[in-house]
Amino acid sequence: MSDKPNENNSEKNERKSLNFIHAFVEQDLREGKNSGRIHTRFPPEPNGYLHIGHAKAIHIDFGTAEKYGGKCNLRFDDTNPVKEEVEYIDSIREDIHWLGYDWGDREFYASDYFGKLYDFATDLIRRGLAYVDDQPSEKIAEQKGTPNVPGTDSPYRKRTPKENLDLFERMNKGEFTGGSRVLRARIDMASPNMHMRDPVIYRIIDHPHHRTGTDWKVYPMYDFAHGQSDYFEGITHSLCTLEFEVHRPLYDWFIDQLKTDDYRPRQIEFNRLNITYTVMSKRKLLQMVKEGVVNGWNDPRMPTLSGLRRRGYTPASIKNFINSIGYTKVEALNDFSLLEFAVREDLNKKAPRVMAVLDPLKVIITNYPEGKTEELETINNPEDESMGGRTIPFSREIYIERDDFMEDPPKKFFRLGPDREVRLKSAYVIKCNDYKKDADGNITELHCTYDEATKSGGEAIGRKVKGTLHWVSIPHAVEAEVRLYDRLFSDPEPDGHKDRDFMEFLNPESLQVVKGFVEPGLAEAQPLDHFQFQRIGYFNVDPDSSPDKLVFNRTVPLRDTWDKKG
RNA sequence: UGACCCGUGGUGUAAUUGGCAACACAUCUGAUUUUGGUUCAGAAGAGUCCAGGUUCGAGCCCUGGCGGGUCAACCA
């Protein structure tokens with residue numbers, strides 16, 4: 001019962017209620033915080049490719065700005081030069097644009113603020129709120145205590161600001177080796193929150209940075225860069241995932257030391273995206289790329305945005321999926337079928353129907369003239385007249401799908417069998433009179449007759465056939481490589497096992513390559529064009545496809561209720 | 001033996017100031033269909049982790065449990 005008949009389900013859900021993040025935003029707006037400004041940011045570290053989990057963050061970051069007339073910055077969180085590469089920056093930009101978002105001229109880098117952060121650090125030192133610690137990391141970790149046991153003070157905790165200032169400056173001049181000294185915030189070694197026990201805020205790294213080169217020898221830690229960068233950019237709502245919840249007191253502590261007026265950014269955490277049969281951590285995705293269990297970051301089986309794009313997923317389908325699962329604080333495990341539904345829902349509207357046979361069985365239409373070819377009219381999408389039509393060639397010899405014929409069909413099988421009739425899509429009704437087998441009992445060809453009066457689009461034929469088959473004309477068909485993908489992992493939660501490695505759950509049959517035959521018009525298809533192969537699934541043209549070698553990726557199979565009944 | 005966060009059909013979410021637990025996916029029927037797709041119609045499935053309390057009335061508020069997650073990188 002909706003007032004807008006054409007809206008889809010996710011739009012309906014979106015209208016129905018506010019997620020808790022937007023409820024907070026509206027509350028801040030009502031209370032007049034930050035002069036009514038809304039400003040968010042998407043802060044990836046350029047150490048890998050973006051995946052669908054990032055899409056969830058991107059949608060809330062950019063989407064919130066859009067919804068409330070604010071802005072969203074893109075900020076590369078590049079505080080650790082040893083892990084970051086420019087290659088990743090380019091792919092991140094491309095993937096965000098692909099999703100349909102733009103950050104205008106607001107592309108920033110945490111490294112833009114190295115100078116300001118250094119000054120802030122020296123300011124904290126002068127105020128007695130930071131000190132240089134000469135101990136090795138093991139010693140510092142030991143003194144931190146455990147969640148149950150309070151920490152103990154470092155022997156260097158009482159150094160004078162003068163001495164700390166001198167030491168910190170020399171750290172940055174390269175006088176000390178990496179790991180020999182760190183700068184720590186002086187907060188509370190007995191805090192019940194581990195992050196408040198004098199966290200390390202600067203460390204020495206002797207490695208060139210992709211943007212600042214060798215200008216710096218000390219680099220800020222995440223906790224000392226993120227909130228401050230938000231502050232420098234005027235961010236009002238800093239949205240991140242749940243695991244940063246325990247960092248928030250520290251985030252706020254640094255803001256308290258830094259702020260000079262009423263403005264203050266606010267960190268809000270939401271649940272990370274988990275999907276069954278999928279791993280979603282950059283570390284693990286990188287491992288699969290490195291060990292070659294997939295063919296790169298954009299392997300169509302990967303949950304990366306570049307992989308999903310290559311697989312045939314559309315930006316709209318990803319957005320609808322994200323909207324349908326929502327933003328909460330519950331650690332959810334989303335069923336894969338929710339994603340697949342979103343893809344089918346979108347592709348059903350957009351993808352032209354075409355004919356392809358992936359497991360061919362030869363059919364000879366014995367009463368059809370040899371050498372004759374007809375161009376038959378067909379429609380591209382029965383649900384959308386505006387997508388037009390095309391012609392497809394028909395001849396005496398065609399391929400149908402091997403499993404569309406059964407020698408001894410069960411009662412509910414609607415397709416071809418001995419002495420049975422079916423319609424060939426957009427063509428004629430045919431009847432199977434005979435079939436041949438090889439020595440092993442495999443069926444090798446069917447002999448059928450067609451009824452000229454049943455030509456598609458003609459008058460009612462006065463009889464009903466239960467099944468409709470897709471087919472291609474053998475002399476006209478184009479050969480194509482078809483890649484069928486299945487889930488990469490066999491376990492619903494491959495990384496949820498404490499004593500087993502996620503790689504143990506890799507599905508050896510996640511990729512199957514078959515030789516298929518498609519209707520001749522598809523020879524002209526462009527990379528990333530998507531199609532619905534009748535009764536098989538949604539496919540798109542792989543970017544590596546060429547005129548010499550046509551390659552299709554299966555985006556997602558069609559729902560098939562026959563399989564379940566059988 | 002800590003701090004913080006979270007417990008609503010199989011899954012994911014919703015439920016105005018407390019007021020008949022709703023929606024989507026998945027599942028199962030049936031109708032239509034030149035795709036066993038799509039579309040349409042319908043069914044089943046939770047009494048909201050447990051125990052108390054406040055209240056005319058609690059998924060929502062209070063108390064105490066139980067269960068799950070995060071936190072002890074010089075990662076982000």
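Residues are numbered from 1 along each chain as its sequence is written, and chains are lettered from A and ligands numbered from 1 in the order in which they are written. Because the model is predicted, local features need pLDDT of at least 70 and side-chain atom pairs pLDDT 80 or more, while totals for chains, interfaces and linings use all residues; side-chain values use heavy atoms, without hydrogens and water.

**RNA strand B**

Around RNA strand B there are 69 residues, of which Glu331, Arg353, Glu383, Ser456 and Gln532 come nearest; a residue is near a strand if one of its heavy atoms lies within 4 Å of it. By class, this surface has 21 nonpolar, 25 polar and 23 charged residues. Here Ala, Val, Leu, Ile, Met, Phe, Trp, Tyr, Cys and Pro count as nonpolar, Asp, Glu, Lys and Arg as charged, and the others, Gly among them, as polar. α13 (336-350) is among the elements that supply at least two residues of the surface, and α13 gives the most, with four. Helices (H or I, at least four residues) and strands (E, at least two) are DSSP runs numbered from the N terminus.

| Protein atom | Atom of RNA strand B | Distance |
|---|---|---|
| Glu331, polar side-chain atom | sugar or linking oxygen | 2.4 Å |
| Arg415, polar side-chain atom | base nitrogen | 2.9 Å |
| Ser426, polar backbone atom | base oxygen | 2.9 Å |

**Pocket and cavities**

On a 1 Å grid over the protein atoms alone, a cavity is a set of points where a 1.4 Å probe fits but cannot get out, and a pocket is an open set with protein on both sides within 12 Å along at least five of seven lines; lining residues have an atom within 4 Å of a point. A volume is the space filled by probe spheres set on the points, which are joined across faces, edges and corners.

The second largest pocket holds about 1000 Å³. Its lining has 40 residues, with Glu45, Asn47, His54, Phe244 and Lys282 nearest the centre, and α3 contributes the largest share, five residues.

Two cavities of 30 Å³ or more are found in the whole structure. The largest cavity has about 40 Å³ of space, and β20 gives the most to its lining, with three residues. The second largest cavity has about 30 Å³; α8 gives the most to its lining, with four residues.

Technical notes: Polar contact = N/O pair within 3.5 Å; in protein donor to acceptor, adjacent residues only side chain to side chain.
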